[in-house]
Amino acid sequence: MKKKKIYFILIFIPLILTIFSCSKKNPGGSIQEGWDAENGKIKVLSTIAMIDNIVSEIGGDKIDHLCLIVGEIDPHSYELVKGDDEKITRADLVFFNGLGLEHGASLKYHLDNHLASLGVGDYLLATAKEKLLFNEGQVDPHIWMDMELFSLIIDPIVEELVKKDPEHTTFFQSNGEILKKKLLDTDRVLFKKMQLIPPEKRYLITSHDAFHYFTKRYLATPGEIDGKWKMRCSAPEGLAPDGQMSVLDIQRVCDFLCEHRISFVFPESNVSRHSLQKIVSVCLEKGHNVKVAETPLFGDTMGSKTYIQMIEYNIETLFYYFSEN
């Protein structure tokens, strides 16, 4: 009888511990419940983490916010999974990047048909087109890579929040102004830091074309603004990392590396390193030693960082490697 009791305890206790530990390691359910709660707050859904972080800073505790595409998932090709359509339908406001970033058919359909959705990039296309970059006629959607440019999405977000919750107008407007100043102040500090690196070392090779805005703002010198800055960055894949990479693409990047005697190529946190490893192999065959940097950059995702931390991290990483180059 005692043996049976001991056996039961040995089985039962680990089971309880497993259930308890799982509940602590999986906060997703509680976050979803909090966002969906009937508490009088407006429900705001953002497609990508960079926008969600801006929204959370402006809305504070007056809103419930949620990010749709989380972790290291590629937003370019994201398709809705079970429960996503309910989140979009439940949301009082939906903010998305636009400019062709969220081009997955199922997601795009729901974004286009939501009664209160705003593409912040599409807003910039309508109000500040001259500040956007184009690649072979296609608008570059990676606007968050330039902190000064991304600060321009604050006002339309504030405006939409005020429309939905006019009672907290002053709160939203004040938070928006504070955040805008913080972004612009940080932007100037990061620009000055990167300019400490000699111009001949400020060349960037990444997995796909997500860093043009970043290059123009932080790597270029003032005299290179009129298109010359483009010579400071290159990538084997286009604006979306799901495109086809040709032999010519590999050759083009290898020639770029050899010409400027670049020692490192930079992987992105959510993109395969296959193309960069191929480039390294070809460069070695040409007699030029190139390495894949051990520390990846954040392009289309930002991990567990805030938006400002993401840009600061990219600057610090490049500053280190450029200094070593």
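Why is strand β1 (residues 42-46) said to be largely enclosed by the rest of the structure?

Tutor: The model is predicted, so local features need pLDDT of at least 70 and side-chain atom pairs count only at pLDDT 80 or more, whereas totals for chains, interfaces and linings use all residues. Residues are numbered from 1 along each chain as its sequence is written, and side-chain values use heavy atoms, with hydrogens and water left out.

Strand β1 is described in this way because five of its five residues are buried. Buried means under 20% relative accessible area, exposed over 50%, and partly exposed in between (1.4 Å probe, protein chains only). Strands (E, at least two residues) and helices (H or I, at least four) are DSSP runs numbered from the N terminus. From β1, the residues I42, V44 and S46 point one way, while K43 and L45 point the other way. Members of both groups are buried. Five bridges join β1 to strand β2 (residues 63-67), and the two strands run parallel; strands pair if DSSP finds at least two bridges between them. Within this pairing, K43 stands opposite D64 of β2.

Let us now turn to the core. The largest nonpolar core has 74 residues, of which I54, I143, W144 and Y307 touch the most other members. Such a core is a set of buried Ala, Val, Leu, Ile, Met, Phe, Trp, Tyr and Cys residues joined through side-chain atoms within 4.5 Å. Helix α13 (residues 307-324) supplies the largest share of this core, namely eight residues. A second, separate core has 15 residues, including V253, L276, V282 and C283. Returning to W144, and leaving out residues up to four places away in sequence, its contacts (heavy atoms within 4.5 Å) include I48, M50, F150, Y307, M310 and I311.

L99 is placed in the loop between β3 (93-96) and α5 (105-113), and it has a positive phi of about 60 degrees although it is not a glycine. With a relative accessible area of 7%, L99 is buried.

S234, in strand β8 (residues 233-234), is buried, with a relative accessible area of 9%. Apart from neighbours within four places in sequence, S234 is in contact with L204, I205, T206, R252, V253 and F256. The side chains of S234 and R252 are joined by a polar contact of 3.1 Å. A polar contact is a pair of N or O atoms within 3.5 Å; within protein, one must be able to donate a hydrogen and the other to accept it, and residues adjacent in sequence count only if both atoms are side-chain atoms.

A search of the whole structure finds ten aromatic pairs. Rings of Phe, Tyr and Trp (its six-membered ring) pair if their centres lie within 6.5 Å, and planes under 30 degrees apart count as stacked, over 60 as edge-to-face and the rest as tilted. The rings of F171 and F172 form an edge-to-face pair, because their centres are 5.9 Å apart and their planes stand at 70 degrees. F171 is partly exposed at 27% relative accessible area, whereas F172 is buried at 0%. Y203 and F256 are edge-to-face as well, with centres 5.9 Å apart and planes at 75 degrees. Y203 lies in the loop between α9 (169-194) and β7 (204-205) and F256 in helix α11, so this pair ties together parts that are 53 residues apart in sequence. Both Y203 and F256 are buried.

Two of these rings also have a charge over them, meaning that NZ of Lys or CZ of Arg is within 6 Å of the ring centre and within 35 degrees of the ring normal. The charged end of K62 sits over the ring of F171, 5.2 Å from its centre, and R232 lies over the face of Y203, at 5.1 Å from the ring centre.
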